[in-house]
Amino acid sequence: MNDLPPDLPRLRTLETWLALQLAHVRHAITVAERREQERQQAAEAQPATPDWMLEGGLSQAAPPVYVHVGGCHMAGKRVKGVPRDIALRALTEGVDACPHCRPDSELGYLD
């Protein structure tokens, strides 16, 4: 790579331009690293997905409408994580199992 200008003034100009470009690249790297760090911190701060969820009815007083497996894509906004025994009790009391996340096996829903 010997396509550099031969005279000192143009070499100095090129040096200045390259230094400015390098500063821009380093700033972009700093910004990208900060964004990545914030993304990782946000991911770590997310609460763990519960094993079981109850989806509530339309009002506070309404009984639950579905029992979901934790992480079900069809769980609505009115869900709360519950322990396994609460999910079992809800199923035995007549709350429906979510048709999207329940297993298709004959073994039962919460085996």
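Begin by selecting the lining of the largest pocket, to which β1 and β3 each supply at least two residues; strands here are DSSP runs of E with at least two residues, and helices are runs of H or I with at least four, numbered from the N terminus. This is a predicted model, in which local features need pLDDT of at least 70 and side-chain atom pairs count only at pLDDT 80 or more, while totals for chains, interfaces and linings use all residues. Residues are numbered from 1 along each chain as its sequence is written, and side-chain values use heavy atoms, with hydrogens and water left out.

Among the residues that line this pocket are L54, E55, R78, V79 and K80. A pocket is an open set of points on a 1 Å grid over the protein atoms alone, where a 1.4 Å probe fits, with protein on both sides within 12 Å along at least five of seven lines, and a lining residue has an atom within 4 Å of a point.

Next, select the open sheet of 4 strands, which has the order β3-β1-β2-β4 and mixed pairing, two strands being paired if DSSP finds at least two bridges between them. The edge strands, each pairing on one side only, are β3 (79–82) and β4 (96–97). Now show β1 (residues 52–55) with β2 (residues 66–69), which pair in the antiparallel sense over 4 bridges; W52 has V69 in β2 as its bridge partner.

Finally, move to V95, in the loop between α2 and β4. Why does V95 count as buried? Its relative accessibility is 13%, and buried means under 20% relative accessible area, calculated with a 1.4 Å probe on protein chains only.

Methods. Buried < 20%, exposed > 50% of the residue type's maximum accessible area, 1.4 Å probe, protein only.
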